[in-house]
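Dear colleague,

Please find below the structure that I am handing over to you.

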Amino acid sequence: MALPPQLSNAIETFKDQARDAFWALSSCLCQRTPSVKINGRTFKIVKVLGEGGFSFVYLAQDEHNGRQFALKKIRCPTGREGVKEAMREVEAYRRFKHPNIIRILDSAVVQDPEGEGQIVYLFLPLYKRGNLQDAINANVVNGQHFPEQKMVRLFKGTCEAVRAMHTYRPSPRSAALPPPKQNGSTSSANAKATRGNAVEQNGHSDDEDEDERFPQPEGDADGGYSYDAASVPLVTKSNVEEHGEVVFDGDEEAAEIAASSSNSTGEVVPYAHRDLKPGNVMIADDGITPILMDFGSTMKARVNVETRNEALLQQDIAAEQSTMAYRAPELFDVKTGQALDEKVDIWSLGCTLYALAYSHSPFENTQTTEQGGSIAMAVMNAQYKHPESAYSQGLKSLIDSMLKVNPKERPDIHQVIEMTDRVLQSLA
């Protein structure tokens with residue numbers, strides 16, 4: 001008897017996660033280092049940094065030069081459609097260019113050697129200090145709290161990243177991407193020629209601060225990792241046979257996605273992150289710069305919900321991609337005739353600042369975590385309170401302003417940053 005599709009997918013997801021977990025565990029028990037081979041290069045998997053859904057994030061090291069970075073592995077059991085969905089995250093990384101937003105070094109797609117689907121790899125910079133959730137956990141263990149000024153500065157940097165998303169203005173040049181190659185790979189020469197044309201026609205490149213992607217030139221100012229372009233082969237029939245794997249760099253999918261979503265008018269097109277939380281904000285090596293990451297949930301912010309089916313779809317998307325304790329109340333029970341917008345991120349920012357101050361989300365309290373209470377009900381009724389602390393009233397008021405059930409009563413990101421600046425001035 002055939003299993004229902006949802007149950008079948010759940011079983012496959014569990015198998016994939018179990019396989020990756022076993023891979024990571026066995027590498028420790030057997031004292032061996034697993035590795036992956038991509039584009040003829042071998043990367044040692046040092047350890048697992050995180051996991052969730054269909055993805056794992058590893059600390060990876062290039063065997064050629066010893067450089068380390070974060071390697072995100074996304075399984076796509078549904079084939080090409082799954083790959084295109086994963087590549088939307090890649091496109092989001094490339095879309096937003098800001099000092100507080102993580103830069104993608106490269107992406108690759110390979111055939112899953114243990115299944116019928118494919119695997120998308122994302123190469124990202126490694127931040128050795130971890131994320132804000134790691135810092136919160138360390139505070140709990142050590143019985144400490146963030147100094148208010150440092151905490152508010154970290155929060156402001158996070159807000160600056162969110163503002164770049166909420167005020168995103170597509171360039172008319174974004175539609176002029178290189179055509180995909182027939183063999184599934186965009187050549188480095190093609191990409192460089194396209195960038196050169198942009199410089200010649202416009203006087204500057206749209207990628208002035210951008211990567212040559214991976215491989216990278218030496219001396220990258222933004223913390224990327226350098227690779228020798230000549231040593232990374234293009235994908236051709238011959239080297240696919242030589243390496244025994246199907247590999248391409250993902251540019252074809254990224255180009256399709258960018259072309260389909262391009263807006264040549266140059267008008268502001270707000271995007272919402274939709275999963276803002278301490279675990280998705282890395283801390284740069286300087287210890288003071290927050291770096292927003294994990295754009296798998298990112299989408300155009302403004303969604304008009306006109307039918308019941310559309311409402312249920314938005315609820316399902318939020319349930320799958322947005323962490324419950326940081327999810328805006330309007331995403332728990334989406335109403336027909338309702339318009340969703342970037343204010344969902346403002347709510348999540350309020351939860352994030354609360355968590356930085358008190359070490360947990362406002363809706364992860366004794367009642368909801370130990371007494372069987374409902375986080376969803378607590379969120380939809382904004383049931384929370386501030387614990388006793390030495391933090392200023394200005395900080396508490398800032399949190400309260402963002403945690404309004406009605407999104408129209410929440411400030412926009414510009415107002416949040418203005419209020420954050422006032423808190424910082426009061427602490428000077």
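A residue is called buried here if its relative accessible area is under 20%, exposed if over 50%, and partly exposed in between (1.4 Å probe, protein chains only). The model is predicted, so local features need pLDDT of at least 70 and side-chain atom pairs count only at pLDDT 80 or more, while totals for chains, interfaces and linings use all residues. Residues are numbered from 1 along each chain as its sequence is written, and side-chain values use heavy atoms, with hydrogens and water left out.

Rings of Phe, Tyr and Trp (its six-membered ring) are paired if their centres lie within 6.5 Å; planes under 30 degrees apart count as stacked, over 60 as edge-to-face and the rest as tilted. On this basis there are 14 aromatic pairs. One of them is the stacked pair of F56 and Y58, with 6.0 Å between centres and 15° between planes. Both F56 and Y58 are buried.

F96 and Y168 make an edge-to-face pair, at 5.4 Å centre to centre and 80° between the planes. Because F96 lies in the loop between α2 (80-95) and β5 (106-111) and Y168 in the loop between α4 (148-166) and α5 (188-202), this pair ties together parts 72 residues apart in sequence. Helices (H or I, at least four residues) and strands (E, at least two) are DSSP runs, numbered from the N terminus. F96 is buried at 3% relative accessible area, and Y168 is buried at 15%.

Ring pairs also join W347, Y354, Y358, F363, Y384 and Y391 into a cluster.
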